[in-house]
Amino acid sequence: MAAVSHLFAGCAVADLAAARVFYEALFGREADLVPNDTELCWRLGDAGDVAWLCVVVDPVRAGGAISTVLIDDLDAWVAECAARGVAPVEIRREGDAGRKARFVDPDGNELGFAQVG
């Protein structure tokens with residue numbers, strides 16, 4: 001396999017305005033990249049431009065995305081989100097040593113944040 005330099009993970013939505021409100025609250029900021037009128041992108045993490053979450057208008061495929069982001073402090077992340085008015089639909093155990101907080105956008109796309117260890 002060739003070296004991977006970037007990952008753009010996508011979520012299809014029917015209503016970009018509603019998705020924008022949700023993801024701006026979730027990430028605590030406006031989109032980092034707005035390539036056109038039907039797409040918004042957020043850079044994930046502080047390690048450069050490696051991982052991105054892109055929200056794209058596509059009503060036919062809206063609501064089917066499932067993604068998980070590994071983070072180092074799940075409790076802190078959930079508290080930050082709660083302070084912005086966004087709460088996970090659940091926090092559950094994952095395997096023997098992990099936990100995952102599941103967030104669901106207005107279209108039903110699932111974005112999980114998990115901590116292992």
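## Before we start

The model is predicted: local features need pLDDT of at least 70, side-chain atom pairs count only at pLDDT 80 or more, and totals for chains, interfaces and linings use all residues. Residues are numbered from 1 along each chain as its sequence is written, and side-chain values use heavy atoms, leaving out hydrogens and water.

Helices (H or I, at least four residues) and strands (E, at least two) are DSSP runs, numbered from the N terminus. Two strands are said to pair if DSSP finds at least two bridges between them.

## The sheet of E1 to E4

Let us begin with an open sheet of four strands, in the order E1-E4-E3-E2 and with mixed pairing. Its edge strands, each pairing on one side only, are E1 (7-13) and E2 (33-36). From one strand to the next, the twist averages 25°; for such angles, axes are lines fitted to C-alpha atoms, for helices over the stretch in contact, and angles run from 0 to 180 degrees between N-to-C directions.

Now for the pairs themselves. Seven bridges join E1 to E4 (residues 51-57) in the parallel sense, and Ala-12 has Val-56 in E4 as its bridge partner. E3 and E4 are antiparallel, with six bridges; here Leu-44 stands opposite Ala-51 in E4. E2 and E3 are also antiparallel, over two bridges, and they form a hairpin with two residues between them. Asn-36 has Glu-39 in E3 as its bridge partner.

## The sheet of E5 to E8

Another open sheet is made of four strands in the order E5-E8-E7-E6, again with mixed pairing. E5 (66-70) and E6 are the edge strands, each pairing on one side only. On average, neighbouring strands of this sheet are turned by 25° against each other, direction ignored.

E5 and E8 (residues 110-116) run parallel and share five bridges. In this pair, Ile-66 stands opposite Glu-110 in E8.

## How the helices lie

Which strands does helix H1 (residues 16-27) lie across in the sheet that holds E3? H1 lies across E1, E3 (39-44) and E4, running at about 15° to E3. H1 also lies across E7 and E8, at about 15° to E8. Helix H2 packs on the sheet and touches E6, E7 and E8, its direction making about 20° with that of E7. Contact here means heavy atoms within 4.5 Å.

## The cysteines

A disulfide is a covalent bond between the sulfur atoms of two cysteines. The search criterion is a pair of cysteine sulfur atoms within 2.5 Å, and a search of the whole structure finds zero disulfides. Cys-81 is in no disulfide, and the nearest cysteine sulfur, that of Cys-11, is 15 Å away.

Are Cys-81 and Cys-54 buried or exposed? Cys-81 counts as buried because its relative accessibility is 0%. Cys-54 is buried too, with a relative accessible area of 4%. The scale calls a residue buried under 20% relative accessible area, exposed over 50%, and partly exposed in between (1.4 Å probe, protein chains only).

## The largest pocket

The volume of the largest pocket is about 400 Å³. On a 1 Å grid over the protein atoms alone, a cavity is a set of points where a 1.4 Å probe fits but cannot get out, while a pocket is an open set with protein on both sides within 12 Å along at least five of seven lines; lining residues have an atom within 4 Å of a point. Grid points are joined across faces, edges and corners, and a volume is the space filled by probe spheres set on the points.

There are 15 residues in the lining, of which Leu-44, Gly-45, Asp-46, Ile-71 and Trp-77 lie nearest the centre of the pocket. E3 and H2 (74-83) each supply at least two lining residues, and H2 gives the largest share, three residues.

Glu-39 lies in E3. Leaving out residues up to four places away in sequence, Glu-39 touches Leu-16, Leu-33, Val-34, Cys-54, Val-55 and Val-56. Pro-88 is 49 residues from Glu-39 in sequence and 24 Å away in space, C-alpha to C-alpha.

Ala-97 sits in the loop between E6 (90-94) and E7 (98-104). Ala-97 counts as partly exposed because its relative accessibility is 40%. Beyond its neighbours within four places in sequence, Ala-97 is in contact with Gln-115, Val-116 and Gly-117.
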